[in-house]
Amino acid sequence: PLTARGLATARALADRLKVLGVRVDAVMSSPLVRARQTAEPLLELVGGGRELATCDELAPDTFKPKKVAKAVEQLGVRSAIAVGHLPD
């Protein structure tokens with residue numbers, strides 16, 4: 001799981017994007033715990049109460065941009081934030 005610092009950083013990112021007026025249609029993340037915890041505060045940027053979408057192709061060492069794009073397309077949205085792992 002994320003440390004307290006990691007959780008605070010994820011919260012600060014979501015707050016900053018909100019102040020900037022960023023709105024997205026969906027938030028998707030790797031299925032790993034730390035990525036999901038990072039992505040959860042970003043759900044505030046989504047209208048319509050969507051839930052976090054899990055995308056296996058965002059997991060470490062499996063990052064596949066075309067498959068991620070297809071997953072976004074399958075969500076039926078115009079914009080999404082994807083939370084994965086470094087260095088992918």
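What pattern does the chain follow when it is read along the sequence? The answer is α-β-α-β-α-β. Before I go further, please note that this is a predicted model, in which local features need pLDDT of at least 70 and side-chain atom pairs count only at pLDDT 80 or more, while totals for chains, interfaces and linings use all residues. Residues are numbered from 1 along each chain as its sequence is written, and side-chain values use heavy atoms, with hydrogens and water left out.

Let me begin with the overall form. The chain has three helices and three strands. These elements are DSSP runs numbered from the N terminus, with helices being H or I of at least four residues and strands being E of at least two. The radius of gyration is 13 Å, close to the 12 Å that the globule rule gives for 88 residues, so the chain is as compact as a globular protein of that length. That radius is taken over C-alpha atoms, and the globule rule is 2.2 Å times the number of residues to the power 0.38. Along the principal axes, the C-alpha atoms fill a box of roughly 30 × 30 × 20 Å.

Contacts tell us how the chain folds back on itself. A contact means heavy atoms within 4.5 Å. Among the contacts with a separation of 6 or more, 72% are made by residues 24 or more positions apart.

I turn now to the sheet. In what order do the three strands stand? The order is β2-β1-β3, in an open sheet with parallel pairing. Two strands count as paired if DSSP finds at least two bridges between them. At the edges stand β2 (53–54) and β3 (80–83); each has a single partner strand, so one side of each is left without a neighbour in the sheet. Strand β1, residues 26–29, pairs with β2 over two bridges, and Met-28 has Ala-53 of β2 as its bridge partner. Four bridges join β1 to β3, and there Ala-26 is partnered by Ala-80.

Helix α3, residues 65–75, lies across β1, β2 and β3 and runs at about 140° to β1. For such angles, axes are lines fitted to C-alpha atoms, for helices over the stretch in contact, and the range is 0 to 180 degrees between N-to-C directions.

Next, the interior. A residue is called buried under 20% relative accessible area, exposed over 50%, and partly exposed in between, using a 1.4 Å probe and protein chains only. By this rule, 31% of the 88 residues are buried. In soluble globular proteins, nonpolar side chains tend to be buried together. A nonpolar core is a set of buried Ala, Val, Leu, Ile, Met, Phe, Trp, Tyr and Cys residues joined through side-chain atoms within 4.5 Å. The largest such core here has 11 residues, including Ala-14, Leu-17, Val-27, Leu-42 and Ile-81. The elements giving two or more residues to this core are α1 (4–19), α2 (33–39) and β3. Apart from it lies another core, of six residues, among them Met-28, Ala-53, Leu-58 and Val-68.

Strand β3 has a covered face, made of Ile-81 and Val-83, and an uncovered face, made of Ala-80 and Ala-82. In a regular strand the side chains alternate between the two faces of the sheet.

Leaving out residues up to four places away in sequence, Ser-29 touches several others, including Ala-35, Leu-52, Cys-55 and Val-83. Cys-55 lies in the loop between β2 and α3, and at 2% relative accessibility Cys-55 is buried too. With neighbours within four places in sequence set aside, the contacts of Cys-55 include Pro-31, Val-68 and Ala-71.

Asp-61 is found in the loop between β2 and α3 and has a positive phi of about 65°, although it is not a glycine. Asp-61 is exposed, with a relative accessible area of 75%. Pro-87, in the segment after β3, is joined to Leu-86 by a cis peptide bond with omega of about 5°. Finally, Pro-1 belongs to the segment before α1 and counts as exposed at 73% relative accessibility. Pro-1 and Arg-36 are 35 residues apart in sequence, and their C-alpha atoms are 9.4 Å apart in space.
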